[in-house]
Amino acid sequence: FWLKRRVLAFAHPAHPSLGRPSASCTNMGIDLEAGGRVWSKPRVSKSENPYIRLLVKLYRFLARRTDSKFNKVILKRLNMTKKSRPPISVSKLAKFMAKKKDGK
């Protein structure tokens, strides 16, 4: 629709209902500064499942209060969208935890 209007405006510049196109309409797209748009807050899980919410609460506490990288990774995965969450099975998780002797 706007393209037809722009073409008509260039074809008939004296037409009163179309008006002259402004200079700001000629460039398309969004002018982003270097680095793009920055999210101001971290993503939180939108799940209505109370068990997922309790897990998020638990791992948020553990990631904050311990120096374990595992807790931070689990919290990150719980907060991911379903589309961007990489799959991992419980057996693989148990295998990784069995390799760790100290349980950190």
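Which helix in the chain has the lowest confidence, and which the highest?

## Model and confidence

This is a predicted model, in which local features need pLDDT of at least 70 and side-chain atom pairs count only at pLDDT 80 or more, while totals for chains, interfaces and linings use all residues. Residues are numbered from 1 along each chain as its sequence is written, and side-chain values use heavy atoms, with hydrogens and water left out.

Confidence is lowest in helix α1 (residues 2-11), at a mean pLDDT of 48, and highest in helix α2 (residues 50-65), at 94. Over residues 1-11 the pLDDT is below 50, and this stretch has 11 contacts in the model beyond near neighbours in sequence. The chain average is 75, and 61% of the residues score at least 70. Here pLDDT is the predictor's confidence in each residue, from 0 to 100; helices are DSSP runs (H or I, at least four residues), numbered from the N terminus; contact means heavy atoms within 4.5 Å. Where pLDDT is low, the predicted coordinates should not be read in detail.

## Nonpolar core

V56, Y59, A63, I74, L75 and L78 form the largest nonpolar core (buried Ala, Val, Leu, Ile, Met, Phe, Trp, Tyr and Cys residues joined through side-chain atoms within 4.5 Å). Helices α2 and α3 (69-78) each supply at least two of the core residues. Leaving out residues up to four places away in sequence, I74 touches Y59 and L93.

## N79

N79 lies in the loop between α3 and α4 (90-99). Its relative accessible area is 12%, so N79 counts as buried (under 20%; exposed is over 50%, partly exposed in between; 1.4 Å probe, protein chains only).

Apart from neighbours within four places in sequence, N79 is in contact with R43, V44, S45 and V56. N79 and V56 are 23 residues apart in sequence, with a C-alpha to C-alpha distance of 7.7 Å.
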